[in-house]
Structure formats: structure tokens, C-alpha cells
Amino acid sequence: MNIKKIRNRGILFTFHDLGIPTNVYIIQGDHYIYIVDTYLGPDIMKLVNQYIEDSFGSKPIIVINTHSHWDHVWGNSLYSSSFIIAHEKCKKYMEQDGLKALEKFEKYQKGQVTITYPNLTFTDKILFEEDSVLIYYTPGHTDDGISVLDMKNRVLFAGDNLERPIPYTMSKDLNQYMSTLEDYLKIDADIIIGGHTDCENKDLIRDNLDYVKKVISGGIIEIKSKEFEEYHKANLAWLNQ
Ligand SMILES: [Zn+2]
């Protein structure tokens, strides 16, 4: 587990149990502590809770799920008495696929996972005005994706919409993905973090956008690494299904 402070009120936890880095992001608001994504289970999130309590004392917690995939929601088990915010499609997908994913990938769970659904869903956006935290709909990697903008610190947490070296396109609506990425370029943020990335800047958005545009237009895609090739093949297989 790596812990990195981001400006004066963000903390980025990065875990490495899955062979790729996976992030949980914390924003210390004046009113609430926001926990963005809950990784692989309650045991690991207990460590995050302990860190939060040691650093900030006991403030009410708000959990946010950027999308429904299992590597971002299994720690919800620990927060059933808090608000768990997600897009309404995220809850729907968890209801459809959550148990199947748990069966399939159960060896990765950290502690006893009980699939715990979001209990506060939205379609467009939720603004925590006094904390300057905006949660808004950003379909892309999947069509249930949401992002969290810390407007005070100008930090965007984009979930799996941003990836290195290229995005995973698991929604077939690439035009929607393109407009989400174009919109990211316009927002007032200069630290950009994805569900599996390091601390990035808008160059990553530009790179990911360039790739998505080329897939849409059928343009020539230069394969830059083995990893790039694997991701790209997986994307094409998914899109041609
Ligand atoms: Zn992921």
C-alpha cells in the first residue's frame, strides 16, 4: 500500500494486489470525508479508515463508487451505514453482475465481501457545495462511469476512464467516451488521477482521447508496446462482439 498526499486535502492510496496499481482516493472536506472507490474488501478498507481516523478524527464518511466493476466496489461492505453514491446504472449493474463477479474473482477478496449496493444514486450530478466536491456523470470506459472533481484543490479523479497506455473501452458508445474526454480537457483541474494510474496531468487525457478518436475513425494506430497491443486487441474484441 502506497500513500501519497495530494495538495492539502487529498490522499491517494495505491494497492498492488492485482498486478496493476489500483487507487482509492480520499478528500478531506470540511463536512465529510469522501472515499472514492473501495477496492477489494473490508479488511483493506479498515486500514484506510484507521489512517483517516488518525489523520482527521472521526468525521462522517461519504463513499463514492466510480463504476460497478468488482475491483472498485468490494470494500463497500464496510460502509453499509454510510451513504454510498453511484450512478443509477452502477447500482443496476451491480445487482445484475455483482454476485457473479464475486464468485469468479473471489480469491482476490480482502476479508469477507458482502456485495453492498450504492444507496444514493443519481443520473447527472451531485454537488457538495460547502465542500466544493462535484460528483458527475462521465460515461466512457463503461456507461455507468462517474468522476469526482475536487474544485478547491483542482484534482480530478476519473475512475477507469483514463488508463495507461490506452483506455479499456468496455462500452460500445465511443462517441460518448470521446465527449467525456473532451470535457475533461476543459475542466479546471491540473492533477488528474485514474482508477489505475499514477498522479497525472492533462497529457494523459489527450493521449487517451487521441486513441479513442482513432478507433472511431478507423485511423492508423501505432502499437507502442506489448501492453499497448494487449489492451488494443482486447478493445477490438470487445467492440466487435
Ligand atoms: Zn478497474
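**Exercise 1. Determine which arrangement the four donor atoms form around the zinc ion.**

Solution. Step 1: identify the donors, that is, N, O and S atoms within 2.8 Å of the metal (3.2 Å for Na, K and Ca); water is not among the atoms, so sites may look incomplete. In this predicted model, Asp 71 (OD), His 72 (NE2), Asp 160 (OD) and His 196 (NE2) coordinate the zinc ion at 2.1 to 2.4 Å.

Step 1: apply the angle criteria. Four donors are tetrahedral if all angles lie between 85 and 135 degrees; four are square planar and six octahedral if opposite donors are over 155 degrees apart and all others between 65 and 115; anything else is irregular.

Step 2: compare. The angles subtended by the four donor atoms run from 86 to 171 degrees, and therefore the arrangement is irregular.

The model is predicted: local features need pLDDT of at least 70, side-chain atom pairs count only at pLDDT 80 or more, and totals for chains, interfaces and linings use all residues. Residues are numbered from 1 along each chain as its sequence is written, and side-chain values use heavy atoms, with hydrogens and water left out.

**Exercise 2. Locate Asp 71 and Asp 160 in the chain, and state whether each is buried or exposed.**

Solution. Step 1: the spacing of the zinc donor residues in sequence is D-H-x87-D-x35-H.

Step 1: helices (H or I, at least four residues) and strands (E, at least two) are DSSP runs, numbered from the N terminus. Asp 71 lies in the loop between β5 (61-64) and β6 (83-87), and Asp 160 in the loop between β11 and α3 (174-186), so the pair ties together parts that are 89 residues apart in sequence.

Step 2: buried means under 20% relative accessible area, exposed over 50%, and partly exposed in between (1.4 Å probe, protein chains only). Asp 71, with a relative accessible area of 10%, is buried; Asp 160 is also buried, at 4%.
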